[in-house]
Amino acid sequence: QLGVSAEEMDYADGRAFVAADPEKGMTRAEFTVTLLTAAGIAPEGEAECSFADKNDITASALPYVAMAQKLGLTSGWIIDGEQMFMPNAEITLAEAAHMTALLLGLNSDRAVEVSVGSANFARYELDALCSTGLAGAFLEVSPSESLSRADAAEIFCGVLMLARAGGIPNE
């Protein structure tokens with residue numbers, strides 16, 4: 001394993017979210033906050049977020065979502081003509097892979113075969129995460145399925161290790 005526990009990552013709420021319910025999914029807001037925290041990226045200044053549903057994002061998560069948007073890690077989804085973040089929706093493996101690969105500057109010229117159209121946008125990022133070892137056996141699930149907290153912890157611990165080694169390009 002990576003030698004770093006999820007508890008070491010100093011989550012905003014101060015508890016190890018994995019231990020409570022490892023198979024539970026993570027929301028898009030939870031994933032964004034924790035990914036940036038693991039990477040050592042703190043929000044800067046006022047949280048300027050252009051998502052139409054920004055009022056649904058908690059005050060503690062809003063600066064992180066705004067920073068992720070500023071860094072180009074997320075552009076949300078267009079729903080009824082509006083750009084939405086959907087903070088309380090469970091994040092999918094494809095969305096998590098997309099954000100993580102963009103954060104780390106990972107890319108691949110190979111695409112993972114994706115049978116679900118909604119996950120098609122992340123097929124290169126899925127390959128990049130698999131190639132680096134940041135995504136493991138949990139890729140047996142469909143990329144359009146929710147990412148479990150246990151699987152998210154695998155990604156966060158890898159990001160934390162890279163951050164500690166100075167390997168995060170967006171820092």
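The charged end of Arg28 sits over the ring of Phe85, 4.7 Å from the ring centre. This is a predicted model, and the values below are computed from it.

**The aromatic pair**

Phe85 also takes part in ring pairing. The count comes to one aromatic pair. Its members are Phe51 and Phe85, with ring centres 5.3 Å apart. Their planes meet at 40°, so the pair is tilted: the tilted class lies between the stacked limit of 30 degrees and the edge-to-face limit of 60. The pair links distant parts of the chain, 34 residues apart. Phe51 is in the loop between helix 2 and helix 3. Phe85 is in the loop between strand 2 (82-84) and helix 4 (93-104).

The cut-off for buried is under 20%.

Leaving out residues up to four places away in sequence, Phe51 touches Val65, Gln69, Thr74, Ser75, Gly76, Gln83, Met84 and Phe85. Ile78 lies 27 residues from Phe51 in sequence, and their C-alpha atoms are 9.8 Å apart.

**Helix 2 against helix 3**

Helix 2 covers residues 28-39 and helix 3 covers residues 62-70. Their axes come within 9 Å and cross at roughly 70°. The two helices are therefore roughly perpendicular to each other, since that class runs from 65 to 115 degrees. Which residues of helix 2 meet helix 3? They are Thr32, Val33, Leu36 and Thr37. Helix 3 contributes Tyr64, Val65, Met67 and Ala68. By class, this contact has six nonpolar residues, two polar and no charged ones.

Most residues other than glycine have a negative phi.

| Residue | Phi | Relative accessible area |
|---|---|---|
| Asp80 | near 50° | 77% |
| Met86 | near 55° | 25% |

Asp80 is in the loop between strand 1 (77-79) and strand 2. At 77% relative accessibility, Asp80 counts as exposed, because the exposed class starts over 50%. Met86 lies in the loop between strand 2 and helix 4. Phe85 is placed in that loop as well.

Methods:
Residues numbered from 1 in each chain as written. Predicted model: local features only at pLDDT ≥ 70, side-chain atom pairs only at ≥ 80, totals over all residues. Heavy atoms only, no water. Axes fitted to C-alpha atoms, helices over the stretch in contact; angles between N-to-C directions. Helix = DSSP H or I, 4+ residues; strand = E, 2+ residues; numbered from the N terminus. Parallel < 35°, antiparallel > 145°, perpendicular 65-115°, else oblique. Contact = heavy atoms within 4.5 Å. Nonpolar A, V, L, I, M, F, W, Y, C, P; charged D, E, K, R; others polar. Phe/Tyr/Trp six-rings, centres within 6.5 Å; stacked < 30°, edge-to-face > 60°. Lys NZ or Arg CZ within 6 Å of the ring centre and 35° of its normal. Buried < 20%, exposed > 50% of the residue type's maximum accessible area, 1.4 Å probe, protein only.
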